[in-house]
Amino acid sequence: MNNFIYENKTKVYFGKGGVKEYLGCLLKNYGTVMLAYGGGSIKKNGVYDEIIGILHSAEKIVVEFSGIMPNPTYAKVQEGAKIVRDNNVDFILAVGGGSVIDCCKIISAQAKTDEDIWENEIVKKKFPTDFIPMGAVVTVSGTGSEMNAGAVITNEAEKIKCGLFGAQADFAFLDPTYTMSVPFEQVISGAFDTLSHAMETYFGKPSENNFSDDINEALMRGVIKNMRALINDRDNYNVRSELMWASSMAENGILKIGKITDFQAHQIEHQLGAYTNCNHGKGLAVIHPVLYRHIYKDGVEKFARFAKSVWGIYDRDSEEEMALAGINALRNFIKEVGLPTNFSQMGISENTDFKVIADSTNITAGCCKKLTHEEILDILNECI
Ligand code: NZQ
Ligand code: ZN
């Protein structure tokens, strides 16, 4: 096992009714709270009314910041940071999914400095240390954003979608009943995002026997089993609970202990998103099997283990056949759960400039094979 330091500061309140029971008390030391949310789903499903009621009962000054879009933009971060400064907000409450939580993480940092956070992090490699404290109420699961400090932001001017570091939530509420109103397509797309995080970690280095991969296999099997279960029983609370906690578990650092993660599929998807504003989980669903077919020969042993331990495939003559069977099982599963298997099913035009996307994709070195920009272009072309 490689050396590691592990800490996770987010206190998790999991289950039905947690917000009502604990939120008011958690905010007792704060006067002005920014209630941040997305395009309005929380106004339709009652979550907004519940939370605003709690904030008013606790006599908070509430500043609202709404309209955080899926794939949040850097301009939206700046808008939020200005509201925080203008109103002396001392706590940010992010209510939503990865997009709302990510946007708030960077607002938390940007509100504390006049310097440009993007320039600092991306160009100068200078990372923020001072934040407005924040908490998260998760309404759609998949990204696991509630338990880490990473945030994915789209800089529209630069045409780059990438990860920044911001605040990590002091607390996160995970109430599976809040996810019941999420459109089913998004539930499945989010669950696939969780599976993707697990795979991107599993195929990172080292690839030999280690405890993190053992836990990861259990998580992947669980996500697959529960995604299948949800197809026939969409409102099953227990299944949704399992997927919600798996989502946090895949991104709270536990699976990454002692590992260098890969996240090459994510890097490709992020640039695809920067140019097409596509749905994150769907983009990953198309990219993963194609990417893996390109690289598995350099990591046959690990891909064969994936086939065996995650997909229950044993009856192939060679490790290479095992490896390929595992990737095919992944592809068939993607189809089975109704996710897209090519870009045209996602409405991405074949006239999209895939070369510019490939050339601007960050190349990682965590997996069995380091790709070139030309290979990324081949992968994107195969996804059409
Ligand atoms: O905006 P509203 O109206 O709330 O609607 C949202 C949005 O349209 C809707 N929704 C959320 N909760 C709902 C609901 N609809 C009905 N009922 C509810 N309870 O769902 C839609 C998608 O929301 P979004 O937050 O965009 O989804 P997700 O959680 O998948 O987040 C995606 C973003 O997170 C980034 C992605 O790249 C993308 O920008 N990621 C963040 C990561 C991180 N910070 O660790 C890791 C991931 O790999 C990912 O890159
Ligand atoms: Zn993801």
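**Cavity and strand notes**

Reply: Domain 1 (11-178) and domain 2 (184-383) each contribute residues to the lining of the largest cavity, so this cavity lies between them. The domain bounds come from an automatic or database domain assignment. This is a predicted model, where local features need pLDDT of at least 70 and side-chain atom pairs count only at pLDDT 80 or more, while totals for chains, interfaces and linings use all residues. Residues are numbered from 1 along each chain as its sequence is written, and side-chain values use heavy atoms, with hydrogens and water left out.

Me: What counts as a cavity here?

Reply: On a 1 Å grid over the protein atoms alone, it's a set of points where a 1.4 Å probe fits but cannot get out, and lining residues have an atom within 4 Å of a point.

Me: OK, how many cavities of 30 Å³ or more?

Reply: Three. The largest holds about 120 Å³, a volume being the space filled by probe spheres set on the points, which are joined across faces, edges and corners. It has 13 lining residues, and Ser141, Thr179, Val187, Arg240 and Leu243 are the closest to its centre.

Me: Which elements give two or more residues to that lining?

Reply: Helix H7 (184-202) and helix H9 (237-251). H7 has the largest share, with four residues. Helices are DSSP runs of H or I with at least four residues, strands are E runs of at least two, and both are numbered from the N terminus.

Me: How does the lining divide into nonpolar, polar and charged?

Reply: Six nonpolar, six polar and one charged. Ala, Val, Leu, Ile, Met, Phe, Trp, Tyr, Cys and Pro count as nonpolar, Asp, Glu, Lys and Arg as charged, and the others, Gly among them, as polar.

Me: Back to the domains, what separates their centres?

Reply: 27 Å, taken over C-alpha atoms. Their contact (heavy atoms within 4.5 Å) takes 24 residues from domain 1 and 23 residues from domain 2.

Me: New topic: why is strand E4 largely enclosed?

Reply: Six of the six residues in E4 (residues 91-96) are buried, so the rest of the structure largely encloses it. Buried means under 20% relative accessible area with a 1.4 Å probe, protein chains only. Phe91, Leu93 and Val95 cover one side, with Ile92, Ala94 and Gly96 on the other.

Me: Which strands does E4 pair with?

Reply: Strand E2 (residues 32-37) is parallel to E4 over five bridges, and five bridges also join E4 to strand E5 (residues 134-138), again parallel. Pairing needs at least two DSSP bridges. Ile92 partners Met34 and also Met134 in E5.

How values were computed:
Chains lettered and ligands numbered in written order. 1 Å grid on protein atoms, 1.4 Å probe; cavity = no way out; pocket = protein on both sides within 12 Å on 5 of 7 lines; lining within 4 Å. Buried < 20%, exposed > 50% of the residue type's maximum accessible area, 1.4 Å probe, protein only.
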